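Hello,

Here is the structure I promised to pass on to you. Please have a look at it first, and then read my notes below.

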Amino acid sequence: MNRYPLWKYITVAVALLIGFVYTLPNFFGEAPAVQVSSNRATLKVDAGVLPRVEAILQEAQVAPDGIFVESNGIKVRLKDTDTQLKAKDALEKAFNPDPANADYVVALNLLTASPKWLTDMGALPMYLGLDLRGGVHFLLQVDMAGAQQKRLDSIGADLRTLLRDKNLRHAGINRDGERILINFRDGATRDKARIAIDQDLAELNLVEQGSGDNLRLVATLKPESLVKLREYAIKQNINTLHNRINELGVAEPVIAQQGADRIVVQLPGVQDTAKAKDILGRTATLEIRMVDDTPGALEGALAGQVPFGTELYNERGGVPILVKKQVVLTGERLTDAQAGFDSQNHEPAVHLTLDSAGAHIFRDVTRDNVGKRMAILLIEKGKGEVVTAPVIRTEIGGGRVQISGRMTTSEASDTALLLRAGSLAAPMEIIEERTIGPSLGAESIKRGFDSTLWGFVAIAVFMIIYYQVFGMVSVVALASNLLLLVALLSMLQATLTLPGIAAIALTLGMAIDANVLINERVREELRNGMPPQAAITAGYERAFDTILDSNITTLIAGLALLIFGSGPVRGFAVVHCLGILTSIFSAVVISRSLVNLIYGRQKKLTKVSIGQVWKPNADTSK
């Protein structure tokens, strides 16, 4: 009657074993480390850099506890903070001899001090939130002037397309600071162009200038358009930062606007600080420009005489190339970026998809420049690199563009990821970076853990005294609930905050409530004269509906907090919802398996230890 099949006992044992393994790393703490990662998407830090790191550390007489190669760089675990600082100085000098033009990020970090066999299994500790362990705080300055210039460049390309479609000949479109100059040779064409621009680009304010055959329209952004542009720049950058932080997998990030042109980013419990700084600090955007192949122009630029309207860049491999300043297309027209392979030579490539306006512009540009070279630039942190500069063989329509040429599969994947995460509406600069400690202090953290511990002890003492053996079973089930909850949080790499600790304490109280319902139901059946074995079965089966109903209603409230809450509220809700799931399993399945082990094989069971069972007097008149 009260016997589980073997597979149920095995399931419970495996669940507890997994829970123990994944909870264990939280007791080992963290060790100081140094991380070396790339400062550019086109530069990869992989196993090939490992011998160089080992040689630098050996020369500096630094003995690491372990060196790990990961997808985002190389991490070196060290014994203490003094050795950590020594290793960082040595690696910084070797990898970045010119600090103003650093190709690598060498940053202090923390790694779990868990044994290697646990790490190899993927058993990692929970992250601690900003209010428990601290984290990284960034203050980003948004370059509003850069946003305006970027928008004007985009409008310049739109104007060329518009006038070409309307068959209106112009004498050149140039940007002069915050103005766009549109030149014409006759007044009639200028008047028609003004009407067309007013209809299609209402955000521009147009002023007529010049006389004779030197006529022009001066276009500037209207004041209300500037306000919308600045608001859009902040919102777009915040959305892009959210996407990039999601790529990092950081739990509970805080991203908020501060003032008119600043954004605060707080990454609670983040370990990979170097990667966070790298991803957030990038202003990677895509620009398509034409190459200046005029004979002698490149040689003159290399000699220091860069022709007007051009810029000198380097292709991959360091080959110099002269590129026109006029931007044909920007990353704003990009809707998707995926890594793949060139269909002709099967080399790694990045496949880009443009929106309808971008596809239209690209088709017209390629049609008008067949036989010329087009440069595709990746701009990061104000520095540009020509990814590829192919010759335009034919008109390219359909909005599908391919970037290829001398890149590895991983480089193609990294470039696609960065572009897919979203281009910034305006360049940003990290003007403040702080690694901050616990905001509530060590004493508050200790009190948070102590409250959970003493709450557990108080519940355990009461249950054992009041329910005896069944009380001990309930305590074991409660401990297993806590074990499974911490294991789940560790497996999900969740960030534990002070509200999360409060949710754990609340979960313990709610979990024991299920065992109280079961124990009281067994008592009631015993009072009614039911045999002990039948009373145990009836107690668990008849209490289950009540337990399920109460937990579902509580879960609904937790899901509402998770969906509509933010920040610490979501942290509380995550722990709360997971705690409900583990409490049902521990209170019903684990406690029942223990009771079955204790009483299930006693065929002539006459009594169970569940505290005093008061039976009603059969004759109430006496």
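A search of the whole structure, which is a predicted model, turns up four cavities of 30 Å³ or more. The largest cavity has a volume of about 60 Å³.

Which residues line the largest cavity? They are Asp153, Ser154, Ala157, Asp158, Val327, Val328, Leu329, Thr330, Arg333 and Ile361. Helix α5 (144-165) and strand β15 (320-330) each give at least two residues to this lining. By type, the lining of the largest cavity is made up of five nonpolar, two polar and three charged residues.

Next, a pair of strands. Strand β16 (residues 334-341) and strand β17 (residues 348-354) run antiparallel, and seven bridges join them.

Lastly, a pair of helices. Helix α14 (residues 532-564) packs with helix α15 (residues 568-599), their axes 8 Å apart and at an angle of about 170 degrees. Angles over 145 degrees count as roughly antiparallel, so α14 is roughly antiparallel to α15. What types of residue make up the contact of α14 with α15? There are 20 nonpolar residues, eight polar and two charged.

Enjoy exploring, and write back whenever you like.

Best wishes

Terms used
Residues numbered from 1 in each chain as written. Predicted model: local features only at pLDDT ≥ 70, side-chain atom pairs only at ≥ 80, totals over all residues. Heavy atoms only, no water. 1 Å grid on protein atoms, 1.4 Å probe; cavity = no way out; pocket = protein on both sides within 12 Å on 5 of 7 lines; lining within 4 Å. Points joined across faces, edges and corners; volume = space filled by probe spheres on them. Helix = DSSP H or I, 4+ residues; strand = E, 2+ residues; numbered from the N terminus. Nonpolar A, V, L, I, M, F, W, Y, C, P; charged D, E, K, R; others polar. Pairing = 2+ DSSP bridges. Axes fitted to C-alpha atoms, helices over the stretch in contact; angles between N-to-C directions. Parallel < 35°, antiparallel > 145°, perpendicular 65-115°, else oblique.
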